[in-house]
Structure formats: structure tokens, C-alpha cells
Amino acid sequence: MNSNYSMGLPIAASTFAKDIDFGLKLIHVAMLVIFVLWGIFFAYLLVRYRRREGVAAQREDDHGLFSTSLIPDIVVLIFEIALISLYAIPVWSRIKIHSPKSQESNQVALVAEQFAWNVHYPGPDGKFGRRSPDLVHFSNPIGLDRDDPAAQDDVVGANELHLPLGKTTLIHLSSKDVIHSFFVPEFRLKQDAVPGLTIPVWVEPNRVGHYEITCAQLCGFAHSLMRGEVFVENPEEYQGWLKAQAAQAPEPAKAPSTW
Amino acid sequence: MVTHDAAHDQHAQAPSGWLRAYVFSVDHKVIGLQYLMTSMLFLLAGFGLMLLMRWQLAFPGQPIPIIGKLLSPSLAPNGVMTGEFYNALGAMHGTIMVFLGIVPLAVGAFGNYVLPLQIGAPDMAFPRLNMMSYWLYLPGGLLMLSSFILPGGAAQSGWTSYPPLSIINPGQTVWLLAMVIIITSSLLGAINFLVTTLNMRARGMSLWRMPVFVWAQLVTSVLLLLAFPPLEAAAVLQFMDRVAGTSFYIPSDLVVLGLRHRASGGGQPLLWQHLFWFLAHPEVYVLVLPPMGIVAEIMAANTRKPLHGYKTIVLGMISVGVMSFVVWAHHMFISGMSPILSNFFLVTTMIISVPSVAILTCLIYSLRGGSIRFTTPMLFALAFLPMFGIGGLTGLPLGLTATDIYLHDTYYVIGHFHYVVVTGSIIGLMAGVYHWFPKWFGRKMDDRLGRIHFWGTLLSMNGVFFPMFIMGMAGVSRRLWDPTAQAHNLTTQHLNVVSTASAYLLLLFQAPFIYNFFHSIFKGQKSEENPWQATTLEWACPSPPPHGNFEKPPCVYREPYDYSPRGCERDYIPQNVEAA
Ligand code: HEM
Ligand SMILES: [Cu+2]
Ligand SMILES: [Cu+2]
């Protein structure tokens, strides 16, 4: 996994990662150009107009409101309008606004808590079993109702997210306690998990590998230790893994009556 | 309220008695200096907390040298700080720096001392209210600091205090109480500045003859006045959630560490974020507008020519102020807020950069044709331009929704806003200290020490904050007690060492400043009324000004920066001089 990282951006492992990288690179090149040009101009002014004996300051006429100083502004404005309309809005819409339909994609629910990522797969039937906060228990951290028929084949785990290569996975992101943030640097994907909300997040991994999940929103004393791993596998391998997990699923556990 | 001339008579008599003169004084100059000393101490305290954190970031798990032994074992067993303590230091660093350091220094100290002088007023409009602002600020600040030794400890949910974490974490109640007191203090100050600026100007001081610094304070006051009440209300609601069992911010069905949370539920965590950032974005401009005003003053005086585009700068400040109320949710692009709503805040965020660029452009153009004196305050003012520029530029990929997905909550953000508030605001405020020191104390600060301070500070500040951009690009998150716990942080961990070493260097380079400051108060070279040959009114009264400021009410005859007028022997004409 460590070879995924460097002093720059981590390797890119999702379909939209390259769009985000493009923006990052473009903006940083532009920033560099702007800064260097301004810097040269600034240095020139400082040297050229330093105080010298017998040379008085030359007072310019007041240009009022619309002076030549607005030219850089117009350039910046045009650049920004282009960035907004040609880059930011289209890319943002694709990643965050247009979530894929649940019927058409592989699905998984991520339930964050202090300080772990619970993973809930619907299993072969494609249906998530009912979850209830009343059923939450040490042995059942997401409160899955094993009496629910849809829950029979569900797979529950923690801190390990398996995803099929080249398929869109829809992640239903939620939190049990405080706000966390699901962050996979290699996917360039980040989304807060807010208690009380279930937020749809999607990703299409395009590179087999082993990546890191971290929490990007302060969530308590062990925030920095709240991490997990993503395994991107070929679809057959992924299906095999899922089947093996489903076979191991525990017997329906009754909820403790009081706690 | 008092009218201008009546105020003059009333204040002609200096107060008698040590307590009335120095402690519970109603003189804006004394209050300004009280704010100056207190806020600089808070800045130092906030910096000290960060120096502890920087050790942990560079050498996680290793005992803090010397200080580690002095800390209570519950905070740092064997000298290694706990995650709780790290979070407490982080939350308090942010809170102290913003609300107890920079704002009181920029507004309470510079605003209080300089603004009435620059508009030719004998004092603030409400001197007693002014005294009350300070006497709310100090106890509020002390209460905030004291939370470290109170039973629950200090707040540890970040300076942003997002619920539900802030509701279930210890220490937050005192934070909220202290915030309510501090906010009240700022609100009283804002009303006072507003009324003073609008009603107490000297004869002839029309709005378009006000120095840029006065404009900056005016816009700042409006921002404080409009933005703080929602935060104060929000803080009271959070307080209720903690002590009265309300659930304004707590949703139903919370399960914390395996236990059902007892709150009734039905609340909204995101509500807090909207209310918080509705204040906290304008707050950013509260942190930068006054230093910008200071930089403008110093540049005019040291280029010996009028500012380029005085009106553009002022209108730029006003539009930045107005726009700052409609960009708040750019801090919430990935909070779970509607992603469609994000598009609106994306557009407003890009629009607000237009007046900011205009202001910066005008300041740089002001150098053209000048006769630049590289005095110590001018060095700081000049450094403000490119450094603040980096802060502004790096806001671009954060304001663009698409790239913010990756950069949000990383060290890139920390780098960005510290370039704005440290190499921007603090550098600007330092410039102001050197510039107005002769007015405050009648003596000058030493130039050689000033230059050492300048170069050392500039260099080490960049050493602290520049590596953060690289770390952010590599995906390192902020607020990490142990960065090495995450594999993707390891490739840039050595930059944490660079940053920490630079932070200690930065501390070292404040020594010449502190020595220079106190030494010069007593032993500095005596300064005349107007040592910089400047045009604005504060230089037309004695240094330091007596009680009541001006011997007789000044009259204003010209624009603020009449430098190098044509056909005039002197290269400046003060605002209160009628004919060349
Ligand atoms: C001059 C020395 C300073 C240094 C070395 C410094 C360093 C840092 C660092 C490393 C962090 C990130 C901590 C973390 O993510 O765990 C941080 C956070 C922060 N700093 Fe500073 N800082 C300085 C001055 C300031 C100033 C002047 C301000 C104020 C306006 C400020 C405001 C903040 C805020 C608001 C945070 C976020 C706190 C939070 O996460 O809740 N800092 N600082
Ligand atoms: Cu977390
Ligand atoms: Cu903002």
C-alpha cells in the first residue's frame, strides 16, 4: 500500500480521480503563473521606485473607479467563469449530484462510529436487512435485525471494504454517533457521515489494489486511529469473497431484551 | 451620546486617581493599550499551545522535552500528550487565536487607539461602553483559558465545535459560556465603532476623506454587528443541548459507544454548521480587513504618493463585506448539505475574489511612481502583499467544489488560512505596531532589531506553513493527534519536522521584538509629533496624545493622502492644513 503514496498526489484509482487531478494541476499551474508574474512585477517596482536622493515621487492623476488596475481583475474573472462553468460544475455534478440508481449498482452501507467503519453488504438478494438502534450490541454493532428475511444473507464486517473492479458501487453512508468523514485518498473521494442522515456516495474503482480509508472529520480522541482498508478486486474474486462471507454469517441473533 | 464639541469640554479634564487612569479608564487610548497588551499575551498563549502540538506532530509518541514533565499525568502520561489533550490544545489554539488574539488586537487595540485620532475625535462615542467591552473581553478570555484547569478540562471539539461531538465531549460548557461573554464584548465594541465613525468625525472629514484604515474598521464593525448575533444564539442553543437536555442539534437514535443517547432527538447537526459559518466566514474578513487598512496607511506614507485607486479600495472593502454574508456554505461542500446548493456557494465564492483582487492590485500599483522608504513598518507592509496573495490564491482550489472534495479537511486548508491570518493578518498588525508605536509612547522602536525581527519572522513563517500545502496534496488530514497512524501520511512526515522546527525558530525570532518593544517604551529614541511625515490626523496631535487628544478640534481640508502635491515644497500636506 505504501507504494501508492509520494510527496505529491497518491495514485489515482477511481474513474473520477483523473478529473479532480486535472483541476488540481490546472489551478496550481495557473496559480504559479499568476504568482510569478506578480512577483516579478512587484520586485521590479520595489527596485525601480526605491527612494533615491533628489528623485521625488511622481504623483499620478486620480483615475477614479475604473483604472487600469481593473485589468487583472477582468482576467481573473474570465478565468474563474471558465473554471466554474467548464470544470467545477460539470465534475461536481457527475460526482456528487447524479448518484447512480441503486438497482443498477453494487451496494454497500457504511456505518461510521467512534472509531470504526462498519460495513454492511446486502448479500446475494441485493436487499439490506432492517437495522435498528435498539438492537445495537457489542456483537451486533449496526443493530441488524436477523429476524428480517432480507437480513438472512447480509454480510457485516468492520474496517474492510471490498469493492469490485470496474463496477459502480453505491455506498449508503451514515453514522451512529458523531460526524465522521469517509476519505479514500486514492479514490479522491471524501464525504461526511452525519448522524440522522443517509448520504449516497458512489465510486467506480478502476485499478485493482489495496487502499486506505481514513476519517477526515474530527470525531474524538482516537480520530487519527479511525482507519480501514479498501480491497479492489476483480468481479469474480469479489463475488467469491462475498459468497464465502455469506456462508459464514452468524445465526440470527436475538436482541437482548434490556440493556 | 455626546456631540463632538461637548465631548471636548467634558474630556478636557484628565481623570484623577491611579485606578481610574490606568485600570478602569474610559479613555480610548488607555483602553486601546489594554487591548494591545492583553491580545498580544493571548497570541503568545495560543502560539505556546501550538508549539506543544507541533512537537507531537513531528515526533508522535515521544515525550515532550522539559514541559512534558510539568504537565499533569492525565494530560500527558510520561510526557506524551494524549489524544484528548491534543484535541483540547487544537480547539483552544483556534479559539484563542481568532477570538482572543487577532480580533481584539485588530479592532480592540488598533481600532480603539487609532480610529478616533484619525477622524479627529476626542474619544469614542460611548466611553463607558468601551470600557465595558474590555472588561468583558478580559474575564471572558480568562474563563476560556481557565477551562484547562477546570474539572471537565478544555473544549476538545475543534474551534468549530460541531455537534453532536461537541455535545457529548467534556469541556464544552465553559467554552460556550466564555464565547457568549466574548461575543457580547465584540458586539458592544462594534456598535461603538459604528457610532463613533459616523457621528464623531471632525469638521470637513467627509466619508470620502476618511483614511482607508477607518473604512476598514467601519466595514469590520458592520460585519461583527450582523454576524455575531446568530453565533451567539447558536451558542446558547448548544449550551441548552448540553445542560437542559434540549436537542436542537441532536438527531434521534444516536448510539454513542454502544449506548443509546438519552437526548430526545429530532435535531439537526447541520443547523449548527450553517449558523456557525454564517458568522465564521465574515469573521475571516474581520481578521483581514483591519490589517489591510493598516498596510494601506503605511504604504501611502512610505511611497510618498497617494494610494492608487483609493475609491476602488474602499468600494472593494465594502463589497467584500457584503459578499462575505453569502459564501458561508463553501465550508460545507461535503458536509451532507444538498450538493445542488453547493453550486450557488461556488459562484458567490468566486465572485468575492473579484473585489479582493482589486484591492490587492491597487495596493501593488500604489508602488508605481513612488519614492519608497524601506522603513521597518514598510517592510512588514510590503511582505503582506505576496504572502496574503498566496493565502488568497490557495483559496481557489478550496472554493471550487470539485477540487475541494479532495482538499477539504486536509493540511492544505490549514496552510491556506494560516497564510491569510498569519503571514497576512499578523504581518499587517506587526507593521501597525512599528508604525504607530511612536504615537503611542512618544518614542521609536529600534530599526536594527526591527529588521532582524522582520526577516526572521518572514522566513520562519513560510517554513511553518508552506510544507502544509505539500502535505495537503498528499492527502494528510488536519486534526490528527498521530499522523503516522495512517499509511498515506508517512511519505510527508518529515515535512512535519521541518514545520515544527520552523515554529520554534519563529518563537526565537519574537525575542528581538519583545525586547525592542519594552525597551523602546522607556529608552527608545524620542519621537516628534509626526515622525513619518504622514498626512492623516493622528499625526497632528502630540505623541502620545493627551487626554482629549487634540488641543482644539481639528478641521479637515483635503483627501487623506495628499503626498507629493504638485508645486509644493514639502512632499506632503496633512489633512488639517488648509493651504499648501
Ligand atoms: C503563528 C503561529 C501559528 C502556528 C505555528 C499555527 C499552527 C497551526 C496548526 C499546525 C494547526 C493544525 C492543527 C491540527 O490540525 O491538529 C492550526 C490550526 C488552527 N489555527 Fe493556527 N497556527 C498559528 C497561528 C494561528 C493564528 C494567528 C490563527 C488565527 C487567526 C490561527 C488559527 C487556527 C485555527 C482556527 C485552527 C483550526 C483549529 C481546529 O482545528 O479547530 N492559527 N494552527
Ligand atoms: Cu471519525
Ligand atoms: Cu469562508
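Reader: How many of the five residues of strand E6 of chain A are buried?

Author: The model is a predicted one. A residue counts as buried when its relative accessible area is under 20%. In strand E6 (residues 180-184) of chain A this applies to every position, so the strand is largely enclosed by the rest of the structure. The number of buried residues is five of the five.

Reader: Which residues of E6(A) point one way, and which the other way?

Author: In a regular strand, side chains alternate between the two faces of the sheet. In E6(A), Ser181(A) and Phe183(A) point to one side, and the residues that point the other way are His180(A), Phe182(A) and Val184(A).

Reader: Which residue takes a positive phi in the hairpin of E6(A) and E7(A)?

Author: E6(A) runs antiparallel to strand E7 (residues 189-193) of chain A, and five bridges join them. Val184(A) stands opposite Leu189(A) of E7(A). Four residues lie between the strands of this hairpin, and the positive phi, near 55 degrees, belongs to Arg188(A).

Reader: What is the bridge partner of Phe183(A) in E9(A)?

Author: E6(A) also pairs with strand E9 (residues 209-215) of chain A, in the antiparallel sense and over two bridges. Within E9(A), the partner of Phe183(A) is Thr214(A).

Reader: Turning to chain B and its ligand, why is the arrangement around the iron atom of ligand 1 octahedral?

Author: His93(B) and His418(B) each coordinate the iron atom through NE2, at 1.9 to 2.0 Å. Six donors count as octahedral if opposite donors are over 155 degrees apart and all others between 65 and 115. The six donor atoms here subtend angles of 88 to 179 degrees, which makes the arrangement octahedral.

Reader: How many residues apart in sequence are the parts that the two histidines tie together?

Author: His93(B) is buried at a relative accessible area of 11%, and His418(B) is buried at 12%. His93(B) belongs to helix H5 (residues 83-118) of chain B and His418(B) to helix H16 (residues 411-441) of chain B, so the pair links parts whose separation in sequence is 325 residues.

Reader: Which element gives the largest share of the lining of the second largest pocket?

Author: This pocket holds about 470 Å³ of space. Its 20 lining residues include Ala21(B), Tyr22(B), Lys29(B), Val30(B) and Leu33(B), the closest to its centre. Helices H2 (18-23), H3 (28-58), H6 (127-146) and H16 of chain B each give two or more residues to the lining. The largest share, four residues, comes from H3(B).

Reader: How many residues of that lining are nonpolar?

Author: Two of the lining residues are charged and three are polar. The nonpolar residues number 15.

Note on methods: Residues numbered from 1 in each chain as written. Chains lettered and ligands numbered in written order. Predicted model: local features only at pLDDT ≥ 70, side-chain atom pairs only at ≥ 80, totals over all residues. Heavy atoms only, no water. Donors = N, O, S within 2.8 Å, 3.2 Å for Na, K, Ca; no water. Tetrahedral: all angles 85-135°; square planar, octahedral: opposite > 155°, others 65-115°. Buried < 20%, exposed > 50% of the residue type's maximum accessible area, 1.4 Å probe, protein only. 1 Å grid on protein atoms, 1.4 Å probe; cavity = no way out; pocket = protein on both sides within 12 Å on 5 of 7 lines; lining within 4 Å. Points joined across faces, edges and corners; volume = space filled by probe spheres on them. Nonpolar A, V, L, I, M, F, W, Y, C, P; charged D, E, K, R; others polar. Pairing = 2+ DSSP bridges.
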